[in-house]
Amino acid sequence: MTGAPDIRALVRALDGIALALDLPTRRRKSRDFFWYSPILRERLDAACADLIASPADTGEVRRVLSACAALGVPVTARGAGTGNYGQATPLAGGLVLDMTGLTGIEWLQDGVVRVRAGTNILALADQLRGEGAELRLYPSTKRTATIGGLVCGGAGSASWGMLWEAGNIVAIDLLTMEPEPRPVTLRGERCRLASRCFGTTGIVTAVELPVQPLVAWRDVVAAFDTLAAAARFGRAFTAAQGIGKALCSVSEAAIVPYLEPLQGRVAAGDAAALLMMAPHSMDATADLVRRHDGRIASDEDALDNERDPERTPLYEMSYNHTTRNVLKRDRGRSITGPARPRRRHVRPHR
Ligand SMILES: Cc1cc2nc3c(=O)[nH]c(=O)nc-3n(C[C@H](O)[C@H](O)[C@H](O)COP(=O)(O)OP(=O)(O)OC[C@H]3O[C@@H](n4cnc5c(N)ncnc54)[C@H](O)[C@@H]3O)c2cc1C
């Protein structure tokens, strides 16, 4: 299809579906966390959708895809917009499909949960906890991200490998982007056709994921004299199959001062390993820390850290939350490079 898409015709076709055409909403929903990268910030800052659609159910998603396919309007799917690299940014304008209206668990049985794509991961975890179960892996953006965004754009874990590895996703339901969208259910290794494909192969409406019995995770910090010792420990810890673990994130001494909650726990100049572990693995882990010339700096209840607004769960000091913590304290300056001029940018809203 050539020429600019007919957005007015699209709006008419989508009558009854929640749409936003105002500029502030379109700007806000056209951004993810690409601005962490100065290069992407330059390239993507101006990208903006022509409209935002927020379907309430699969039927409305189908109508949106059908109309967009018929009118040649590009569609960019969006969960919570916490991706880091512009994956939820509408590079060619068109429609941003806000999936956060499709929420809720459909069923939980035999160690598998079936959940709608727009469900917030923390809300999902809360519901599962009520059933004595939990997700096997989740991102450090657990409190904000959607489960569909994780499946379509997320990565891995300390215990279960990468998300797209065998057994980590049971099934994915998606709709194709065609004038007559087709429902497709992917199972087994075919899940790779949608997992970490960033919505390019279809719009995911629901996923089935394995769950495990609830664990009373501990947030444990270990300190080491050198980064090499911390890294060697981290390798041994993640390789120890008998240790129940959900996180192992090693930070060099230069990063530790940026992780505000660690102040007073990890001495200046020490590297740190941030761990989530099952209570039964505490002794084995303490032995492993000692064998790598380290020491346990703190041991706290992970759920308390997640729930108490005054505290920070260790997972929010890992993965790309490390970047976030550094930027919060040190905006405009590279830790490894020379000072850079301060530059105004638009903060993404959630
Ligand atoms: C501070 C910070 C820390 C992070 N830590 C982690 C981490 O620990 N582990 C990790 O894996 N990632 C991490 N990320 C990246 C990101 O948060 C995760 O990938 C998250 O799961 C994305 O969820 P979301 O709902 O925000 O998805 P979005 O950012 O909205 O979307 C992600 C991608 O999936 C597509 N998409 C979203 N929903 C659908 C759908 N229903 N159907 C089809 N396509 C869809 C989007 O188009 C986009 O390409 C981090 C990001 C930040 C900013």
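Predicted model: local features only at pLDDT ≥ 70, side-chain atom pairs only at ≥ 80, totals over all residues.
**Entry 1**

Residues are numbered from 1 along each chain as its sequence is written, and side-chain values use heavy atoms, with hydrogens and water left out.

For the elements I used DSSP runs numbered from the N terminus, where helices are H or I of at least four residues and strands are E of at least two, and I took two strands as paired if DSSP finds at least two bridges between them. On that basis strand S2 (residues 51–54) and S4 run parallel and are joined by 3 bridges. I then looked at helix H4 (residues 58–71), which packs on the sheet and touches S2, S3 and S4, contact meaning heavy atoms within 4.5 Å. The direction of H4 makes about 170 degrees with that of S4, where axes are lines fitted to C-alpha atoms, for helices over the stretch in contact, and angles run from 0 to 180 degrees between N-to-C directions.

The sheet as a whole is open, with 4 strands in the order S1-S2-S4-S3 and mixed pairing. Strand S1 (18–20) and S3 stand at the edges with a single partner strand each, so one side of each is left without a neighbour in the sheet. The twist averages 25 degrees from one strand to the next.

**Entry 2: cores and domains**

I next looked up the nonpolar cores, each a set of buried Ala, Val, Leu, Ile, Met, Phe, Trp, Tyr and Cys residues joined through side-chain atoms within 4.5 Å; buried means under 20% relative accessible area, exposed over 50%, and partly exposed in between, with a 1.4 Å probe and protein chains only. The largest core has 43 residues, and those with the most contacts inside it are Leu95, Ile147 and Ile172. This core draws at least three residues from each of domain 1 (7–98) and domain 2 (105–213). Apart from it lies another core, of 19 residues, among them Trp217, Val221, Tyr258 and Tyr315.

The protein is divided into domain 1, domain 2 and domain 3 (218–330), with bounds that come from an automatic or database domain assignment. Taken over C-alpha atoms, the centres of domain 2 and domain 3 are separated by 27 Å, and their contact takes 12 residues from domain 2 and 17 residues from domain 3.

**Entry 3: Arg114**

Is Arg114 buried or exposed? I found it buried, with a relative accessible area of 12%, in strand S6 (residues 112–116). The side chains of Arg114 and Glu106 are joined by a polar contact of 2.6 Å, that is, a pair of N or O atoms within 3.5 Å of which, within protein, one must be able to donate a hydrogen and the other to accept it, residues adjacent in sequence counting only if both atoms are side-chain atoms. Not counting residues up to four places away in sequence, Arg114 also touches others, including Trp107, Asp173 and Glu208.

**Entry 4: the sheet of S13 to S16**

I turned to another open sheet, of 4 strands in the order S14-S15-S13-S16 with antiparallel pairing. Strand S14 (245–251) and strand S16 (295–301) stand at the edges, each with a single partner strand, so one side of each has no neighbour in the sheet. Here the twist averages 15 degrees from one strand to the next.

Strand S13 (residues 218–224) and S16 run antiparallel and are joined by 6 bridges, and the bridge partner of Ala223 in S16 is Arg295. Helix H7 (residues 227–239) lies across S13, S14 and strand S15 (271–277), running at about 165 degrees to S14, whereas helix H8 (residues 282–291) lies across S13, S15 and S16, at about 155 degrees to S16.

**Entry 5: helix H10**

Lastly I checked Asn325 in helix H10, which counts as buried at 11% relative accessibility. Leaving aside neighbours within four places in sequence, Asn325 is in contact with Tyr258, Leu259, Glu316 and Met317.
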